[in-house]
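Visitor: I'm new to looking at protein models. Could you walk me through how to read one?

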Amino acid sequence: MATELIARRLDVKGFNCPIPIVKTAKEMKQMTSGELIEVLATDPGSVPDFAAWSKTTGNPIVEQSQDGGIYRFVLKKR
Amino acid sequence: MATRVIVLGGGVGGTLAANLISKQLGSDGHVTVVDPSGMHVYQPGFLYVTLGQANGRWLAQDERHLLRDEVDMVIDRAIRVDPAQRTVTLDRGGSLGYDYLVLATGSRLAREEIPGLIQGSHDFYSLEGAIRLREALRSFPGGRIVMGVAGIPYKCPPAPVEFVFMLEEYLHKRGIRGKSTITLASPLNRAFTIETTSKLVQPILEQRGIELATFFNVEAVDPDKNVVTSIEGEELPYDLLVLVPPHRGAKVIEDSGLGDERGWVPVSRATLQHEKFDTIFAIGDATNLPISKSGSTAHFEAPVVASQIAARIRGTTAKENYGGRVMCFLETGHRQATTIRFDYEHPPVSPRPSPLWHYAKWAFNRAYWVTVPQGRVA
């Protein structure tokens with residue numbers, strides 16, 4: 001499970017776009033290639049936003065799930 | 001003895017809240033506004049100053065003239081709030097005691113947070129900045145203009161989009177549109193944070209030949225090389241760079257430990273009451289609510305705070321909660337505009353841009369001084 005290797009965790013619950021993306025981008029800037037970050041968000045718009053951001057920047061989403069109103073993303077630093 | 005209410009900040013929210021609280025409480029309350037300048041500034045006008053469509057004179061008025069006679073005014077800077085003692089310390093010495101406190105302290109620009117921003121970029125987030133940018137545009141010979149966002153959240157979310165639309169028209173009028181490019185660098189993969197509005201404005205950007213750089217969150221400016229870089233690792237060269245500066249909450253909020261790590265005040269989204277302190281409320285830019293930082297937000301929040309405070313003093317139930325209501329105009333250039341109206345539960349459905357909304361915004365700009373601060377527009 002990728003969960004065991006997660007290097008950073010980011011809680012952006014309660015924030016609307018573009019704050020989840022911007023905070024994630026800033027956090028990932030400080031990570032090294034191959035490291036994983038887990039992001040928890042509540043904004044439904046974060047699903048298409050993270051998909052598009054991942055595609056544009058080349059940092060893949062390796063896990064994604066939804067539990068109630070909380071969206072969880074695990075991204076890998078390219 | 002009358003209940004003492006202090007309002008920190010004489011902007012849209014502070015002025016309207018002070019007037020409404022004073023009106024509702026009558027002789028049961030004594031309201032004091034504390035503001036460092038004593039001048040009320042209509043910030044949406046900065047954009048028009050930048051593009052040469054207005055001068056700065058109509059943007060500021062004496063705050064005293066906008067307040068009810070019953071409201072006291074102290075021209076000084078609040079430097080510390082003590083929620084336990086219920087006091088506000090003033091910069092020139094002395095302190096004021098309160099029973100209820102309204103934080104309408106707005107936001108402050110933190111240009112120093114982005115390397116190279118001060119030396120390499122312009123903005124229209126202050127009157128001085130707007131005038132400086134206006135002069136730079138007047139002498140601009142043509143070239144690459146980049147409009148970007150250097151920090152979120154920021155005041156007036158539509159402003160960058162409005163700026164590029166109005167700039168495009170301006171460059172046409174100056175006869176240099178053909179030798180200029182305009183790039184809007186957006187933090188997201190669309191022109192505007194709200195998707196429905198973005199779908200409306202993006203085709204217009206394309207029609208006008210305005211380029212869109214997506215997922216471009218500004219990290220630094222190199223004023224020697226004329227290049228702005230993003231957190232995502234992209235670079236944009238420019239001849240004229242315009243950036244929305246990073247914003248923070250007011251210093252008094254940070255120094256008093258009343259806010260989060262960026263100085264935004266945590267409040268109930270419905271009552272606007274501070275999450276930790278029952279006698280403190282916040283409105284407008286000052287809050288941490290995930291909603292637009294704009295005069296419109298403060299305008300719709302002020303009656304809620306007035307109602308909440310009056311109810312507590314009278315021992316009744318407040319009639320109003322804040323439902324997240326915001327209403328903004330979005331200029332699309334060439335004498336057209338649209339609107340963005342929404343609340344917590346309802347995303348906006350913006351109408352097609354038309355002259356009607358452009359002139360409505362102008363009418364609002366002109367009528368502002370005799371309507372909004374006094375509570376004549378609901």
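Visitor: Let's begin where the chains meet. Which residue forms a salt bridge with Lys23(A)?

Guide: Keep in mind that this is a predicted model. The partner is Glu261(B), and the closest N and O atoms of the pair are 3.9 Å apart. Between chain A and chain B, the count comes to three salt bridges.

Visitor: How do I read the interface as a whole? What area do chain A and chain B bury between them?

Guide: The general idea goes like this: an interface's size is often given as the accessible area lost when the parts come together. Here chain A and chain B bury about 1400 Å², with 68% of that on carbon and sulfur atoms. On chain A's side, Pro18(A), Val22(A) and Lys29(A) supply 31% of the area buried against chain B, more than any other three residues. As for who takes part, chain A brings 17 residues to the contact and chain B brings 15 residues.

Visitor: Now helices. How is H1(B) packed on H9(B), and at what angle?

Guide: In general, you describe two packed helices by the angle between their axes and the distance between the axes. For H1 (residues 12-25) and H9 (residues 295-314) of chain B, the angle is about 30° and the axes are 8 Å apart. So H1(B) is roughly parallel to H9(B). The crossing is right-handed. Residues that meet there include Leu16(B) and Leu20(B) from H1(B), and Ala302(B) and Ala306(B) from H9(B). Sorted by class, the contact has 13 nonpolar, five polar and one charged residue.

Visitor: And which residues make the contact between H6(B) and H7(B)?

Guide: First, the geometry: H6 (residues 159-174) and H7 (residues 195-207) of chain B pack at about 30°, their axes 11 Å apart. That makes H6(B) roughly parallel to H7(B). This crossing is left-handed. Val161(B), Val164(B) and Phe165(B) of H6(B) touch Val201(B), Ile204(B) and Leu205(B) of H7(B). By class, that gives six nonpolar residues, no polar and no charged ones.

Conventions:
Residues are numbered from 1 along each chain as its sequence is written. Chains are lettered from A and ligands numbered from 1 in the order in which they are written. This is a predicted model: local features need pLDDT of at least 70, side-chain atom pairs count only at pLDDT 80 or more; totals for chains, interfaces and linings use all residues. Side-chain values use heavy atoms; hydrogens and water are left out. Axes are lines fitted to C-alpha atoms, for helices over the stretch in contact, and angles run from 0 to 180 degrees between N-to-C directions. Helices (H or I, at least four residues) and strands (E, at least two) are DSSP runs, numbered from the N terminus. Angles under 35 degrees count as roughly parallel, over 145 as roughly antiparallel, 65 to 115 as roughly perpendicular and the rest as oblique. A crossing is left-handed if the near helix is turned anticlockwise from the far one by less than a right angle, and right-handed if clockwise. Contact means heavy atoms within 4.5 Å. Ala, Val, Leu, Ile, Met, Phe, Trp, Tyr, Cys and Pro count as nonpolar, Asp, Glu, Lys and Arg as charged, and the others, Gly among them, as polar. Buried area is the accessible area (1.4 Å probe) that two parts lose on being put together, summed over both. A salt bridge is a side-chain nitrogen of Lys or Arg within 4 Å of a carboxyl oxygen of Asp or Glu.
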